[in-house]
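Have the sequence and the model open as you read.

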Amino acid sequence: AFHKISKVFFPNKVSIRLDSKNFDELIEALPYLKNYKVTDKLTIYLCRNFACENPTEDINEIIATLQNL
């Protein structure tokens with residue numbers, strides 16, 4: 001599912017895959033990520049202008065939102 005959002009062209013989009021395997025390494029590089037919960041399910045946070053919307057597990061919802069920005 002992560003690859004689906006990576007394929008959507010959106011200027012200045014940054015996608016970060018945070019999981020139990022890379023958590024410690026990413027937290028060291030990007031400390032603000034420590035506030036994000038890691039689960040077994042894909043959870044997507046759409047953030048813009050230094051604020052994040054409520055997380056969702058619906059990849060199609062995020063893609064539609066990105067395409068309509």
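Among contacts between residues at least 6 apart in sequence, 25% join residues at least 24 apart; contact here means heavy atoms within 4.5 Å. Keep in mind that this is a predicted model, where local features need pLDDT of at least 70 and side-chain atom pairs count only at pLDDT 80 or more, while totals for chains, interfaces and linings use all residues. Residues are numbered from 1 along each chain as its sequence is written, and side-chain values use heavy atoms, with hydrogens and water left out.

As for the fold, the chain has 3 helices and 2 strands, running α-α-β-β-α along the sequence. Its radius of gyration is 12 Å, close to the 11 Å that the globule rule gives for 69 residues, so the chain is as compact as a globular protein of that length. (The radius is taken over C-alpha atoms, and the rule is 2.2 Å times the number of residues to the power 0.38. Helices are DSSP runs of H or I with at least four residues, strands are E runs of at least two, and both are numbered from the N terminus.)

Here are some whole-chain values:

| Property | Value |
|---|---|
| C-alpha trace along its principal axes | about 35 × 25 × 20 Å |
| Accessible surface (Shrake-Rupley, 1.4 Å probe) | about 5,700 Å² |
| Carbon and sulfur share of that surface | 51% |
| Buried residues (under 20% relative accessible area) | 19% of the 69 residues |

Now for the largest pocket, which holds about 1,200 Å³ of space. Of its 37 lining residues, Val14, Ser15, Ile16, Ile44 and Tyr45 are the closest to the centre. A pocket is an open set of points on a 1 Å grid where a 1.4 Å probe fits, with protein on both sides within 12 Å along at least five of seven lines; lining residues have an atom within 4 Å of a point. The volume is the space filled by probe spheres set on the points. α1 (2–6), β1 (47–48), β2 (51–52) and α3 (59–67) each supply at least two lining residues, and α3 gives the most, with 3. By type, the lining splits into 23 nonpolar, 6 polar (Gly counts here) and 8 charged residues (Asp, Glu, Lys and Arg).

Finally, take a look at Leu33, in the loop between α2 (23–29) and β1. Is Leu33 buried or exposed? Leu33 is buried, with a relative accessible area of 6%. Leaving aside neighbours within four places in sequence, Leu33 touches Ile16, Leu18, Phe23, Leu26 and Ile27. Leu18 sits 15 residues away along the chain, with 8.3 Å between its C-alpha atom and that of Leu33.

Definitions and conventions: Buried < 20%, exposed > 50% of the residue type's maximum accessible area, 1.4 Å probe, protein only.
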